[in-house]
Amino acid sequence: MQKWPKAFVPTLLIGIFTTIFMTPLLWLFISAFRPEIDILGHLSPLSWEIIVPKRLSIENFVALWQAGFWLPVFNSVFVAFATVALGLLINSMAAFALSAIEFPGRSIVFAVIVISFLIPFEAIAIPLASTVRTVGFDNTYSALIGPGLANGFAIFMLRQFFLSIPKELTEAAKIDGVSMFQIYWQVYLPLSKAPMVGAGIIIFLFQWQAYLWPLLVTSTRDYEVAPVALAKLIGQYDYDLGQMLAGAVLLAIIPALVVLPLQRHFTQSIAGTGVK
């Protein structure tokens, strides 16, 4: 009697569950390229045309573009990348100070930072938005970018990696008369490619999927971000399902294009946080 390989059953189960969970995503992607009249036309009774359509069209994307959806997408891209650029600088400097510089209360400051990223942002969003409106920063890119700059998890991850860098490098640089900023810029950062990429991905995804905060601090179309604009496609009495699915596909493809090429560095960054 032929014996099945030991990995056959687990592999078969993984394949089955993967197919089950991927089917709705595949339907979403394919339906974005269907005429709106065909999107729900094959759900009852079920048929293979749910996954294998007879007609494909880009009319949903064209209608979405003509409706001005490109502006919220641009705003989301700009806010996300601006936050990554500034956030990496701020978070890496904070992590460097907490790992390489001895000062009173350093452990307390780090503990406060760790606790900060355990607090749901929704708990402080409304009072923070009230403060932003009071100082007149609402409906600006600064209001959208500001809260995402300091990321507690990014600081935690970078600090853990910085602790693994030998102290001898810092001591040798000090003997040569190098300033602490030069040590940070010329010693620590060149060794931190993987954790910096990992921290950048975390900051990017945090900003890209933000919905509540942009909804609270923006009220004009000029500063509307893509998740908010996508939600507004649902009107009080009607909605365009084709445009909604096309918008959802766009909001999924853009971060995928950013994250997938960098996933190896992200994995290395997570693995490196526990090495000292």
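Okay, let's start with V73: if you skip its neighbours within four places in sequence, V73 touches A226 and I254. Before I go on, keep in mind that this is a predicted model.

So where does V73 sit? It's in helix α4. And is V73 buried or exposed? V73 comes out at 14% relative accessibility, and the cut-off for buried is under 20%, so it counts as buried. There's also V225 to look at: V73 and V225 are 152 residues apart along the sequence, yet their C-alpha atoms are 6.3 Å apart in space.

Staying on helix α4, which covers residues 70-100, we find F74 and F78. Those two are four residues apart, about one turn of the helix. Now, on to the rings. How many aromatic pairs does the structure hold? There are 21 of them. Take F74 and F78: why is that pair called stacked? Their ring centres are 6.2 Å apart and the planes meet at 20°, so the pair is stacked. Under 30 degrees is what counts as stacked here. As for accessibility, F74 has 45% and counts as partly exposed, while F78, at 36% relative accessible area, is partly exposed too.

Elsewhere, ring pairs tie a set of residues into a cluster: F96, F161, F162, F181, Y184, W185 and Y188. If you've got the structure open, click through those seven names and have a look.

What sits over the ring of F110? That's the charged end of R159, 3.8 Å from the centre of the ring.

That's my bit, thanks.

Conventions. Residues numbered from 1 in each chain as written. Predicted model: local features only at pLDDT ≥ 70, side-chain atom pairs only at ≥ 80, totals over all residues. Heavy atoms only, no water. Phe/Tyr/Trp six-rings, centres within 6.5 Å; stacked < 30°, edge-to-face > 60°. Buried < 20%, exposed > 50% of the residue type's maximum accessible area, 1.4 Å probe, protein only. Lys NZ or Arg CZ within 6 Å of the ring centre and 35° of its normal. Contact = heavy atoms within 4.5 Å.
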